Amino acid sequence: MSAETDTNGTPETPAGPRPEPIRFFGTTWVDHSGGYTARRIGVAVGSLAAAAAACFVLRIAYDGLRIADVGSFVSLLMVVMFAVCSSLAFRHTWSGFSTRPDPDRHASLRGLLSIGFVGSLLAYFFRSLTEAPGEKLHRAEYANAREEYDKRLTRRSGNPSKKRRRS
């Protein structure tokens, strides 16, 4: 029997908090194993390719408006709308890598983030050049949880009946 299994043959799980998986990376961000670098490269290339494809589709939509001759005001309005929504989506996604977003605010911005999906894709691309998107936040939360767990564990160690009584 290996050291990784208990007497029943089931794998032992480490005590304490477990790292939260990150999309596309699982828990490989903890020790940068399991193809972490290849995954980061894949996320960077994939998000940049998706952003380029999205810009191509938006260009086709813009050409469709121009062919339909809807006027320069509507065309300008569409360009400004996508630019503003993309910049807001970039900012929201980028800040979500360092702090947990408010669920209510995120729900209210869902439509805006859908329109500005190019900004979110670019935020994924730029963040994946340095780390897994959200790794810094998850690492800080995991280190904090491990620290609190270790404090609780050392505080409760020992047999309380063997402690000396104060007189």
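Ring pairs link Phe-90, Trp-94, Phe-97, Tyr-124, Phe-125 and Phe-126 into a cluster. The model is predicted: local features need pLDDT of at least 70, side-chain atom pairs count only at pLDDT 80 or more, and totals for chains, interfaces and linings use all residues. Residues are numbered from 1 along each chain as its sequence is written, and side-chain values use heavy atoms, with hydrogens and water left out.

A pair of aromatic rings is described by the distance of the centres and the angle of the planes. Rings of Phe, Tyr and Trp (its six-membered ring) pair if their centres lie within 6.5 Å; planes under 30 degrees apart count as stacked, over 60 as edge-to-face and the rest as tilted. By this rule there are seven aromatic pairs. Two of them are listed here.

| Pair | Centre distance | Plane angle | Class |
|---|---|---|---|
| Trp-29 and Tyr-142 | 6.2 Å | 85° | edge-to-face |
| Trp-94 and Phe-97 | 6.2 Å | 70° | edge-to-face |

Trp-29 lies in the segment before α1 (36–67) and Tyr-142 in helix α6 (residues 135–155), so this pair ties together parts that are 113 residues apart in sequence. Helices here are DSSP runs (H or I, at least four residues), numbered from the N terminus.

Accessibility is classed as buried (under 20% relative accessible area), exposed (over 50%) or partly exposed (in between), with a 1.4 Å probe and protein chains only. Trp-29 is buried at 0%, whereas Tyr-142 is partly exposed at 22%. In the other pair, Trp-94 is partly exposed at 32% and Phe-97 is buried at 5%.

Trp-94 also has a charged neighbour: the charged end of Arg-127 sits over its ring, 4.4 Å from the centre. This term requires NZ of Lys or CZ of Arg within 6 Å of the ring centre and within 35 degrees of the ring normal.

Technical notes. Helix = DSSP H or I, 4+ residues; strand = E, 2+ residues; numbered from the N terminus.
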